[in-house]
Amino acid sequence: MSSLAIKNLRVSIEDKPILKDLSLEVKLGEIHAIMGPNGSGKSTMAYALAGHPKYEVEGGEVWMDGVNLLELAPDERARMGLFLAFQYPTAIPGISMANFLRAAVNAVKGGGKGNGNGHGQGIPIVEFRKMLTKKMDLLKIDKSFARRYLNEGFSGGEKKRAEILQMALLEPKFAILDETDSGLDIDALRVVSEGVNALTGPERGFIVITHYQRILNYIKPDFVHVMYNGQIVESGGPELAERLEEQGYDDLIKAKQ
Ligand code: ADP
Ligand code: MG
């Protein structure tokens, strides 16, 4: 059974240790929620897994299908089936959603860049269009969305939907969503959660990073972990999220100090 196994991960930013021996294993078919106060290192974990150069890996391993992802370049990690949806997606003016998504799919799943006319390497346009339509139907996203420019003038909810659509096309084995709920109103939250739920299944594992319990009313985690000061200080089932919602982080963290 394939899993994403983070073992004793230590990460610094500008020589400041942020993650301190972080360990976590996610199996296919599982949804893990990572909660914790701001500044505890949740986004650092996501960026380090993605291979962002600012995050210096000082130690540890991240195993997936017999490969230590930390030894791979970011694009190779993506080709292995790792996907990250970031807290703050950037706008890319002048690139339509459809073109961006096709480039992403070719980079991760196809063999090379493609020459734009359906010949040579990459996924032919006609085939890509079919894929895109299928995934947009699955996620109940309006067709006009694909013609818009990437993240330009997108609402918070639309940016997140664009990321979910990207995830649907890339069909990753393991997906990490970093505060996909932040800044979303209830309707947008529901749309994003429904999208995620449409993509869950035995062939995929999820790490859902969230500060608030709210999104966990829509996405049901199998496991809940609390991160504090660069470590997982508590793990449990969905009831842990409910307890945190009622009690806040303070008591739990005090007990760990
Ligand atoms: P979380 O996502 O849990 O809120 P972060 O991973 O963003 O936490 O931050 C963890 C710690 O790393 C914080 O102390 C924060 O100040 C620091 N940090 C995060 N990103 C940077 C950065 N780009 N440069 C310097 N320090 C950073
Ligand atoms: Mg964060």
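Trainee: What share of the contacts in the protein with a separation of 6 or more comes from residues 24 or more positions apart?

Mentor: Residues 24 or more positions apart account for 69% of those contacts, where a contact means heavy atoms within 4.5 Å. Before we go on, this is a predicted model: local features need pLDDT of at least 70, side-chain atom pairs count only at pLDDT 80 or more, and totals for chains, interfaces and linings use all residues. Residues are numbered from 1 along each chain as its sequence is written, chains are lettered from A and ligands numbered from 1 in the order in which they are written, and side-chain values use heavy atoms, leaving out hydrogens and water.

Trainee: How do you know how the radius of gyration of the protein stands against that of a compact globule?

Mentor: The rule for a globule is 2.2 Å times the number of residues to the power 0.38, and the radius is taken over C-alpha atoms. For 257 residues a compact globule would come near 18 Å, and the protein has 18 Å, so the two agree. Along the principal axes, the C-alpha atoms fill a box of roughly 60 × 40 × 35 Å.

Trainee: How many helices and strands are there in the protein?

Mentor: The protein has 8 helices and 10 strands. Both are DSSP runs numbered from the N terminus: helices are H or I with at least four residues, and strands are E with at least two.

Trainee: Why is isoleucine 215 called buried rather than exposed?

Mentor: Buried means under 20% relative accessible area, exposed means over 50%, and partly exposed lies in between, using a 1.4 Å probe and protein chains only. Isoleucine 215 has 2%, so it is buried. Isoleucine 215 sits in the loop between strand S8 (205-209) and S9. In the protein as a whole, buried residues make up 50% of the 257 residues.

Trainee: What makes the pair of glutamate 171 and lysine 109 a salt bridge?

Mentor: A salt bridge needs a side-chain nitrogen of Lys or Arg within 4 Å of a carboxyl oxygen of Asp or Glu. Here the N to O distance is 2.7 Å, so the pair qualifies.

Trainee: Which residues are linked with Lys109 in a network of salt bridges?

Mentor: Lys109, Lys135 and Glu171 form that network. Lysine 135 meets glutamate 171 at 3.0 Å, N to O. Lysine 135 is in helix H4, 36 residues from glutamate 171.

Trainee: What is the phi of glutamate 171, and which other residue has a positive phi although it is not a glycine?

Mentor: Glutamate 171 has a positive phi of about 45 degrees although it is not a glycine. Aspartate 21 has a positive phi of about 55 degrees and is not a glycine either. Aspartate 21 is in strand S2 (residues 16-27).

Trainee: What parts does the salt bridge of arginine 148 and glutamate 158 tie together?

Mentor: The two side chains meet at 3.2 Å, N to O. Arginine 148 lies in the loop between H4 and H5 and glutamate 158 in helix H5, so the pair ties together parts that are 10 residues apart in sequence.

Trainee: How do you know where the buried residues of H7 lie around its axis?

Mentor: In helix H7 (residues 238-247), Leu240, Ala241 and Leu244 are buried. They cover an arc of only 100 degrees around the axis, so they are on the same side of H7. That arc is the one of the directions from the helix axis to the C-beta atoms. Among the elements covering these buried residues are strand S3 (31-35) and helix H8 (250-256).

Trainee: How do you know whether the reach of H3 is close to or far from the expected one?

Mentor: The expected span is 1.5 Å times one less than the number of residues. H3 has 12 residues and reaches 16 Å from its first C-alpha to its last, close to the 16 Å expected. Its buried residues include Met97, Leu101 and Val108, and their cover includes helix H2 (74-80), H4 and H5.
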